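Please consult the sequence and structure shown here.

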Amino acid sequence: MTVLRKNLIDGEWLGEAGSRNINPSNTNDVVGEYASAGPEQAKQAIAAAKAAFPAWSRSGPLARHAVLKKTSDEIMARKDEIGRSLAREEGKTLAEGVGETIRAAQLFDFFAGETLRLSGEMVPSVRPGVGVEMTREGVGVVGIITPWNFPIAIPAWKIAPALAYGNTIVFKPAELVPESAWTIVDILHRAGLPKGVLNLVMGKGSVVGQAMLDSPDVNAISFTGSVGTGKRVAAASVEHMRKFQLEMGGKNPLVVLDDADLGTAVDCAINGAYFSTGQRCTASSRLIVAEGIHDRFVDAMKERLDKLVIGDALDAKTQIGPVVDQTQLKQDEDYIAIGRQEGAELAFGGDRLERETPGFYLRPALFLGSTNAMRISREEIFGPVANVIRVKDYDEALSVANDTPFGLTSGICTTSLKHATHFKRNSEAGMVMVNLPTAGVDFHVPFGGRKGSSYGPREQGRYAMEFYTTVKTAYTFAG
C-alpha cells in the first residue's frame, strides 16, 4: 500500500492526496502519493511562519545548532537509503544520489557551525561618548522554491542557512521530486524545530508559488528554476519590496586548447556535459575546441560515449540514468531536431533507448559543425546534449565562451599557466574551472553566476549570510 506524504503546516501534517510520483527508470513504479496544497493552505503556512519568527529569530545559537547538527547526522546515517530514494524519483544514478545526499548532510553540518560563528562589529563613533554596533538579524519569512534536478542538495543549501540565521520558512519543492523534500522536512521536524518555523507546501507552482509571490508577509524569496519563472518572481517581489535571490539557467562553455591533455579534456567534457543526464544548470553544453586538437578530441569523445552505460538509475553499473520525465524528454528531442535543421551534424546518439523497464531513456547526443549563433548554442536544453564549436585559437575561444546571455560557470582545459590565468580573470562567469568539469562545486564556498544566470547574493558558504540576514546599526551614548 502506498503511503500518503502530507504537507507540514504549523507543526501538523495536513492534506489529502494530490499527485503521484513516478520512477523515470520504470514508469510502472509509483514512488508515492503526495498531498497538494491549495491557496488556503499556502496562506496558513505563511501565517504560521510569520507567527513563529519572533521566537525563532531570538533563539540562542545552541538551539539552532542542535537542530541543524541532528539533521546532518541523520541524513549522513541514512545516506544509502535516502540516496536510493532520490535516484528512484529523479533518475540520476545511485552513486550520484548517494553523493548528493552526503552533500546535503555536509551543508547542514556547515551551517550548524555557522550558528556558533555569528559575529558583528563595534566601532567608535565620530561623536565623543557614542558607541556603534553593527549586527545581523534574520530577514523574516523566507519563501524557498526549488527545482527537480537536485532534490535534496538545493533545498539543503537554502533551508540550512535560512534556519541558521534565524529565519522561518515556507518551502515549495518541485512537483516531480516530492519524496526527497518530504524526507528532509521530516528529519528537521523530528530534530526539534518549533512549530511554524519550517512549513512544507507541496503542490502546483501556479497555486502555491503564486500564493507566496502575492503575500506581503513573505519577506524574501530564494528561487532556483527557469529564467521565465525567475523573472516573474522578481517582478512580484519588487511589488512587495522584498528581497529575492534567483538561480536560473546556464549555457556553459568548456574550452579545450591545443595544448590540453586529451584524457583530461575528454573526462571533463563527458562528466560536465552528460553526467546527471545533463540535467544540471552547470552542465558544459558548449564544447569550444581549438582546431589543432579538434579531430582527436572528437574521436576520443565518440569512443567514450559509445562505452557509457545508460540504464536504470538503481543499477550500480549505470553511468547515465533516464531523463526525468516525458516533458523533458520531448524537449531534448525537439532541440536535437532543431540542431539538425540548423545544419549541425549529429555525430553521436540522440535516439531513444529501450531497456528492460519502460522509462525515459535517451542516448547522449553530440553535435559537430555547430556555430555559436545556433539555437542549440544559445538556449539551455537541460539534457544529455552537447555541441562542439571549432575555433582557431585561445582568443577566439574566449570570445565565443563569453558570447552568451548566461554566465553561471565556465571551464578551460590547458597546460598553459598563461592561458589558465587569463581565462580565470576574463571569463564572464560566476564560477571558473581549470582542468575540471564545469559541473561539480564545493559546499562551503559561494555558488552563483552573472548575466541571465543569477541575481542577488551568492548561495552557500559564508556568503549566504548576505541574503538571509539584514544589517542593523545601533548607537549608544554612555553619558
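## Helix and sheet

Helix H11 (residues 326-341) lies across S15, S16 and S17 and runs at about 15° to S16. Helices (H or I, at least four residues) and strands (E, at least two) are DSSP runs, numbered from the N terminus. Axes are lines fitted to C-alpha atoms, for helices over the stretch in contact (heavy atoms within 4.5 Å), and angles run from 0 to 180 degrees between N-to-C directions.

The open sheet has seven strands in the order S15-S16-S17-S14-S13-S19-S20, with mixed pairing; two strands pair if DSSP finds at least two bridges between them. Strands S15 (345-348) and S20 (431-434) stand at the edges with a single partner strand each, so one side of each has no neighbour in the sheet. Strand S16 (residues 365-368) runs parallel to S17 (residues 385-391), and three bridges join them. Ala365 stands opposite Val385 in S17.

## Basis of the model

The model is predicted: local features need pLDDT of at least 70, and side-chain atom pairs count only at pLDDT 80 or more, whereas totals for chains, interfaces and linings use all residues. Residues are numbered from 1 along each chain as its sequence is written, and side-chain values use heavy atoms, leaving out hydrogens and water.

## Cysteines

The whole structure contains zero disulfides (pairs of cysteine sulfur atoms within 2.5 Å). The sulfur of Cys268 has its closest cysteine sulfur in Cys413, at 3.9 Å, which is too far for a bond.
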